[in-house]
Amino acid sequence: MAPDLFIDVPWLLQRHEEVLPEQPAVSDFSALVAAVARHRVDPPRLGTDSDPAWRAAALLHTLALLKPLPAGNLRFACAAAVAYMHISGEGIDPPYGALVDLAREILEGTAGIYDAADRIRSWRV
C-alpha cells in the first residue's frame, strides 16, 4: 500500500480553478481548512484504518455539507474526491450519476462518511 497522501488548502483551490473556473471566489475558507483537517484523521474510528477511499469520502462529505462556494458545491466536492483518488493511484469508475447521487444523499442525511467510503471503494478500478 502506498504511503498516506495528504492534500492542503492550495490543492483544493487548484481543483476549484480547474473544475469551476468561472465560479466566484471561495466564500468560506474555513470549510476548506476543515476538509483538509478531516481527511488527515487516522484512524477515522476505532478498528478502522484510513485508506484513500476514506480520505476521498472525508473530502466529499465535508465539502458537500459545509458548502465553501457560493454555488457549485456538489460538483466541487465530487471533483475533489475523484482527484484525490487519482493522485493516490486509485482511479474510480462509478456508474453514471452515482457520485452525484451519493453527494445528494450526504446532503439529505441518508448517507454518511463511512457509506461514502464504502461506495468509493466499490468503484475502484
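This is a predicted model: local features need pLDDT of at least 70, side-chain atom pairs count only at pLDDT 80 or more; totals for chains, interfaces and linings use all residues.
Is Arg104 buried or partly exposed, and what is its relative accessible area? Arg104 is partly exposed, with a relative accessible area of 43%.

**First stop: helix H5.** Select Arg104 together with Asp101. The two residues form a salt bridge in which the closest N and O atoms are 3.9 Å apart. Both belong to helix H5 (residues 98-108), where three residues, about one turn of the helix, separate them. Asp101 also counts as partly exposed, at 40% relative accessibility.

**Second stop: Arg55 and Asp4.** Select Arg55 next, and then Asp4. A salt bridge joins them, with 3.2 Å between the closest N and O atoms. Arg55 lies in helix H3 (residues 52-66) and Asp4 in the segment before helix H1 (9-19), so the pair ties together parts that are 51 residues apart in sequence. Arg55 has a relative accessible area of 0% and is therefore buried, whereas Asp4 is partly exposed at 38%.

Arg121 is in helix H6 (residues 113-122), while Asp51 is in the loop between helix H2 (29-39) and H3; the pair links distant parts of the chain, 70 residues apart. Arg121 is partly exposed at 23% relative accessibility, and Asp51 is buried, with a relative accessible area of 10%.

**Last stop: a network.** A network of salt bridges links Asp51, Asp118 and Arg121.

Definitions and conventions
Residues are numbered from 1 along each chain as its sequence is written. Side-chain values use heavy atoms; hydrogens and water are left out. A salt bridge is a side-chain nitrogen of Lys or Arg within 4 Å of a carboxyl oxygen of Asp or Glu. Helices (H or I, at least four residues) and strands (E, at least two) are DSSP runs, numbered from the N terminus. Buried means under 20% relative accessible area, exposed over 50%, partly exposed in between (1.4 Å probe, protein chains only).
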